[in-house]
Amino acid sequence: MKFTQRVFSLFLTLLLVCAFTLTSAVFAVVNLQAQTDKSTYAPGDTVRVTVTSPVQWDIVMKVIDSNGSIFYTDAKSAKSNSTGNTTLTFTLGSWIGQYTIVVGGNGNSTSSITATPMVIKVATVGGGSGGGFGGPGPVTTNDPDQLVKITNSLKLINNSNASDKEIQEAINTASEQLNKILTELSTLTDPDKSKQVLQSILENITLMASLSSKVSAVNQSIALTEKIIPLAGSVRKLTNDQGLSDDSKLMTTVIDLVNSVNQKAGTLDSTQFKMNTSGKETKIVVEADALQKQIQSADQTTNALSNLLNQNHFSDLVNKLEKQVIIKVSKDTTVGDITNVTIPSSSLSDLKTKNVNLVVNIDGVVLKFSPNSLPVVDSNKVKSIEVRVSQPTDSKSLLDKKPSYADTINVPVNDLNVSSTKDDNTETLLNNQFSDKIVISMSLNGVDKSKVDVNQIAPQYFNPTTGKWELIPGGKYNEKTNSIEFNVSHFSTYTLMQINKSFDDVQGRWSETYISQAFAKGIVTGRSDSLFDPTANVTRAEFAVMLSNTLGLTTSSSIMPFKDVATDAWYANEVASVYKAGFIDGVTSEQFAPNAKITREQMATMIGRALEKVKNTKTVTNADSSKILTLFSDRNEISDWATNNMALSVREGLLSGTSDTTLSPSQVASREQAAKVMLILFEK
């Protein structure tokens with residue numbers, strides 16, 4: 001029987017009165033027994049509960065006060081219960097009243113037995129001696145191991161096949177306990193202790209978020225999120241108020257949580273669309289009513305989550321919410337190598353009006369259309385849009401044309417097409433009619449990762465004009481989905497390959513791995529097929545291209561004021577993209593100086609702007625900069641306009657010293673230095 005089914009089906013109730021006198025009691029439920037260690041307790045005492053079972057059982061314990069609030073939880077797995085005996089402990093707070101100890105284990109049904117407590121009068125109440133965080137007050141968690149035990153309980157549930165109800169109970173319990181600990185934490189004066197406790201609470205919030213993502217019902221997911229986000233917001237406020245630690249991990253947990261809820265709210269599965277199979281093709285038709293209902297659900301859920309973030313110190317994450325409708329087609333529902341998804345044209349305007357992304361997931365090939373990238377059609381003339389994913393019959397001959405620096409892996413070649421269909425069934429290809437980038441994700445589920453390096457796997461596009469494969473910049477491994485994600489501006493033929501590029505002049509250098517991986521990401525190229533020229537100085541044009549490739553920026557070369565950048569220059573589009581994004585300026589209002597060398601402080605300034613605007617990295621103040629740069633003897637040589645961004649780049653690990661005590665801000669940056677910096681920025 002699964003752990004959570006065992007744990008939550010059996011309960012034993014033991015009533016304790018937190019006073020100077022309390023009788024010890026022993027209860028038996030089926031063959032599970034529990035006993036307290038002594039007969040009298042005072043505020044702040046540690047209670048030991050010995051649990052005996054005839055076999056190895058997973059054991060869980062809850063302690064509930066007379067108001068019905070969860071005071072404490074703990075759990076131990078069967079692995080730590082080899083003899084059938086286990087001991088669980090908790091420390092009493094300063095509160096006087098009635099506690100209920102609930103112990104559960106293996107079994108089918110139970111009847112709890114309650115001891116009759118002895119109640120006496122107590123003249124005064126002390127703060128307890130449990131070594132906790134606070135003094136007198138309401139129910140408190142004075143057990144220094146309490147956070148560890150909450151973590152253990154959540155991990156046990158997380159690793160089991162828990163029901164939605166069991167997950168909800170576990171999150172509600174942990175939320176209540178952690179909020180109490182946070183209340184006490186605000187009174188701590190020891191910053192090291194505060195930081196330690198906050199890190200433990202953050203770990204538990206991450207576990208709660210992971211548990212919440214397993215709940216299938218949208219309404220329950222929202223309800224659990226409404227428990228987790230306020231707790232996370234309190235942690236963030238306390239962290240920022242006291243300057244205890246960086247909150248980037250917390251922000252990642254929160255945005256992953258709310259977007260997982262958004263995904264559930266917007267997903268259409270095979271029960272919600274029509275499907276026909278014929279030969280090697282599967283045709284899927286999404287009805288307008290079903291799509292409209294999902295658009296409305298996605299819109300309402302996103303609005304609710306936006307309000308939740310705004311109310312709990314996460315207003316800066318609202319723009320990270322992914323409002324989307326997902327059409328999910330699994331392999332077991334399709335036949336052959338061709339899948340065609342038909343979407344009513346009338347729904348396109350609804351998606352754009354509500355600013356909803358359209359995601360088509362066909363057996364691990366995921367296509368994400370932003371509202372701006374959706375095809376523009378006249379719904380009075382066009383009845384539908386078709387998204388088509390297929391494996392070409394000449395896949396093998398196409399793969400034989402792979403670049404010399406690449407190896408094929410167990411990922412199919414995919415032809416991607418979008419077309420429109422009129423009322424008379426006339427079809428028109430729309431593969432090149434996207435006004436915004438489309439995000440593509442390809443699964444690595446069929447790849448033996450022990451034989452590849454996911455950091456060297458890159459998306460490839462087959463150019464029918466040249467008859468060659470071309471590396472697409474920006475391919476990034478997503479560990480959560482086990483896939484490679486990349487952006488495209490048109491549909492064609494794509495696959496993934498392992499990149500094994502090596503330059504003769506970087507072999508054995510400290511930068512060899514950085515350059516190899518940066519090449520695989522499409523961030524850098526060689527000066528020739530065999531040479532990288534690692535120590536050569538970086539020009540402003542080269543750095544603009546690297547930065548644009550790293551961040552996946554796209555724009556027209558006409559959007560810039562620089563007279564010394566020709567519109568047909570090899571770097572023109574990239575200079576325009578980083579200029580438009582606000583990451584780089586000209587040397588004057590009309591001059592960019594593309595061939596001028598770039599200094600380390602100039603490089604740090606551009607990186608710092610990108611970190612703040614694209615990666616949502618916490619900025620540094622003048623006071624922060626003084627602390628961060630204190631180890632470098634040449635810190636006073638940094639220009640005033642570059643100081644904070646130089647400090648930010650150092651703090652985030654993108655820029656290291658030229659020695660242990662020097663930053664060399666005015667030194668011209670080399671190509672290998674830039675490759676390392678760009679790769680680290682890419683992985684942020």
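**Entry 1. Contacts and overall make-up**

I looked up contacts (heavy atoms within 4.5 Å) in the protein chain between residues at least 6 apart in sequence, and 73% of them join residues at least 24 apart. The structure is a predicted model, in which local features need pLDDT of at least 70, side-chain atom pairs count only at pLDDT 80 or more, and totals for chains, interfaces and linings use all residues. Residues are numbered from 1 along each chain as its sequence is written, and side-chain values use heavy atoms, with hydrogens and water left out.

I noted 16 helices and 25 strands in the protein chain; these are DSSP runs numbered from the N terminus, with helices being H or I of at least four residues and strands E of at least two. Of the 684 residues, 52% count as buried (under 20% relative accessible area with a 1.4 Å probe, protein chains only; exposed is over 50%, and partly exposed lies in between). The chain exposes about 30100 Å², of which carbon and sulfur atoms supply 47%; accessible areas come from the Shrake-Rupley method with a 1.4 Å probe, and for residues only the protein chains shown count as cover.

**Entry 2. Nonpolar cores**

I then turned to the nonpolar cores, each a set of buried Ala, Val, Leu, Ile, Met, Phe, Trp, Tyr and Cys residues joined through side-chain atoms within 4.5 Å. The largest has 66 residues, and Phe543, Leu547, Met603 and Met678 have the most contacts inside it. Leaving aside residues up to four places away in sequence, Phe543 touches Val538, Ile598, Met603, Met606, Ile607, Ala674 and Met678. A second, separate core of 47 residues includes Val387, Val389, Ile438 and Met442.

**Entry 3. Helix α11**

I checked α11 (residues 540-551), whose 12 residues reach 17 Å from first C-alpha to last, close to the 16 Å expected at 1.5 Å a residue (1.5 Å times one less than the number of residues). Because 12 of its 12 residues are buried, α11 is largely enclosed by the rest of the structure. Phe543 and Leu547 are among these buried residues. Their cover includes α12 (572-580), α13 (600-613) and α16 (671-683). Just after α11, Gly552 takes a positive phi of about 65°.

**Entry 4. Two asparagines with positive phi**

I found a phi near 70° at Asn425, a positive value in a residue other than glycine. Asn425 lies in the loop between β18 (414-422) and β19 (427-429) and is exposed, with a relative accessible area of 51%. Asn482 also has a positive phi, near 50°. Asn482 sits in the loop between β23 (476-478) and β24 (483-488), but Asn482 is buried, with a relative accessible area of 14%.
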